Amino acid sequence: MDWGYVESNVDLIVSKLVEHLYLSIVPILVALVLAIVIGALAVRFPKSYPPILALSSAFYTVPSLALFVILPGIIGTQILDPVNVIIALTIYSLSLLVRNVVDGLRVTSADVRQSALSMGYTRTRQLWSVELPIAMPLIFAGLRVATVANISMVSVGALIGVGGLGELMTDGFQRNYLAPLLVGLVLSVALALVADVVIVTLQRWLTPWARLARQA
Amino acid sequence: MIEFDHVSKQYDDGTLAVDDLSLVAGNGQITVFVGPSGCGKTTSLRMINRTIPVTSGSIRVDGEDIAATDAVQLRRRIGYVIQHAGLFPHRTVVDNIATVPHLLGWDKKRSRSVALELMDRVGLDPVLAKRYPAQLSGGQQQRVGVARALAADPPMLLMDEPFSAVDPIVREQLQDEFLRLQHELGKTIVFVTHDIDEAIKLGDKVAVMQVGGTLAQFASPAELLSHPSSDFVAEFIGRDRGYRGLSFVSAEGLPVHESSTVPVGASEDDVRRAAGGAAHVLVLDTDQHPVGWAPVNGRTAVVPERLLDVGTTFTAEQSLRAALDGALASPTGEAVCVDADGRFVGVVNHAEIAEHLTTHRPRRAEGQAAG
């Protein structure tokens, strides 16, 4: 391992790490908001769910590299624009999260729904303060999977020139030079682990009742 | 007061769930809707708070047609308790109870203090305030459900099989406490159950419904037991309705008579002398409380451990059913009558109770037939 590489490229490595984080987290946040909106509509209008599910499964089967390459042609962006990666990963994350949001919103039992309605909740308020909180454990489970998947997929973006830590790896391959490859690899794995720990911590803090329910 | 005026409910698929229902649930009374599944009792209940719309006819709450009210506001004025309690799993007990105050925009402090007060009222230990529903027993959850319905002090309560998901012992306890609570609060309550015993125990008036959503009979429990209006009602009430009807006949007037007794510690001779030929003698403690029956063939002095169980005692304020129960459970066939403080008054045997019954049959009582 050539530590000299690390020393002389600290700025580059840090900027790629930040870029990697940015490219993987922004799609998660956008997808989460969209998934909640689409999921709530799918629960309210059950007939809309099968086509939504079919569409999201279809998107998920498109290889990421193909999507990165096709997107500029479809939405008219520059081939090297980071927006391509962000949009592609948003689509993947959304495909994953919509299912979890819908399943989560369906966790609320008929008794709980009926009592919320009967106590005078409006529909919107019931969604926000009853059904969505109860859906949290499943939504968080989806967030963990989507986040880790994104962190690994961002590296593929390096093949079209926008790939965060993946660019260090392609650099290593092209120059047949181990150091940048190892740095990219280790940091992306570390990033995935840290992101997962952060999400789990957040989940425990936000849904203390879910853990207690399991013990009881 | 809740009035049903020719109310019908037909679902989109054509099913007639409720068919021309007219009745009045009186102020401060418990009106029970009872019937087999599919008789429209829950549908009728849910039409009151407009969680199910009526197809035809009208429902008036305190004279106001509910169709003209804002549904959300209406619901916040009517307490609601459901089977399995329907508690919010993500909220603590105290926050669950404070749900409606929270919706009405009360300040947090006031909602909390009301919630804690209600926990005490329904018999929940305050240490449970911070627990989540999943950490409670079924009975405790149901108490939280009742407290939650009472939180904003609504004049009316709708209760949909609130006690049917708990075991029989807890159910009976919840029913007794519910009656005690209602005695203090005097709410106007509509209560749905499939259990006729529960209906008879809790209802001031009982509406028996049958499949197809028609009202078979609307009457007081005593009237229902003594004069079922149709074969359906008679069959639904069950075989021992005659016996259960005794619950509504006072034990007052029974020919309770003296009986010789012995104190705890009496000798064998005392027992034999007091018995005067009978096989058993009643033993009283120093406060005149019955402790058991002493068999006359005893070879030792009367000690409490050697006695036969006294069975269930009854007071004159209780029903004939309590007296008959006491006689049937007693080893001597004699029911022991006590006063309000549990002191011995006299005995009456089952032959005497039967004799009394032939002259004091449950009459067509105060309940009036309707529907």
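How many bridges pair strand E4 and E5 of chain B, and in which sense? Two bridges join strand E4 (residues 56–61) of chain B to E5(B), in the antiparallel sense. The model is predicted: local features need pLDDT of at least 70, side-chain atom pairs count only at pLDDT 80 or more, and totals for chains, interfaces and linings use all residues. Residues are numbered from 1 along each chain as its sequence is written, while chains are lettered from A and ligands numbered from 1 in the order in which they are written.

**View 1. The four-strand sheet of chain B.** This open sheet runs E2-E1-E4-E5, with antiparallel pairing. Strands (E, at least two residues) and helices (H or I, at least four) are DSSP runs numbered from the N terminus. Two strands pair if DSSP finds at least two bridges between them. Strand E2 (16–25) and strand E5 (64–65) of chain B are the edge strands, each pairing on one side only. B:Arg60 has B:Asp65 in E5(B) as its bridge partner.

**View 2. The three-strand sheet of chain B.** The order is E11-E12-E13 in an open sheet of mixed pairing. Strand E11 (261–263) and strand E13 (290–295) of chain B each have a single partner strand, so one side of each is left without a neighbour in the sheet. From one strand to the next, the twist averages 40°. Strand E12 (residues 280–284) of chain B runs antiparallel to E13(B), joined by five bridges. B:Leu284 stands opposite B:Pro290 in E13(B). Helix H12 (residues 268–275) of chain B lies across E11, E12 and E13 of chain B, at about 160° to E11(B). Axes are lines fitted to C-alpha atoms, for helices over the stretch in contact; angles run from 0 to 180 degrees between N-to-C directions.

View 3. B:Val338 has 19 other C-beta atoms within 10 Å and is partly exposed (buried is 20 or more, exposed 12 or fewer, partly exposed in between, with C-beta atoms placed from the backbone). Leaving aside neighbours within four places in sequence, B:Val338 is in contact with B:Pro290, B:Thr313, B:Thr315, B:Arg343, B:Phe344 and B:Val345. Contact means C-beta atoms, placed from the backbone, within 7 Å.

**View 4. The side of chain B that touches chain A.** Here 19 residues of chain B are in contact with 17 residues of chain A. Helix H2 (71–77), strand E6 (78–82) and helix H4 (99–103) of chain B each supply at least two residues of this side.

Conventions. Two residues are in contact if their C-beta atoms, placed from the backbone, lie within 7 Å.
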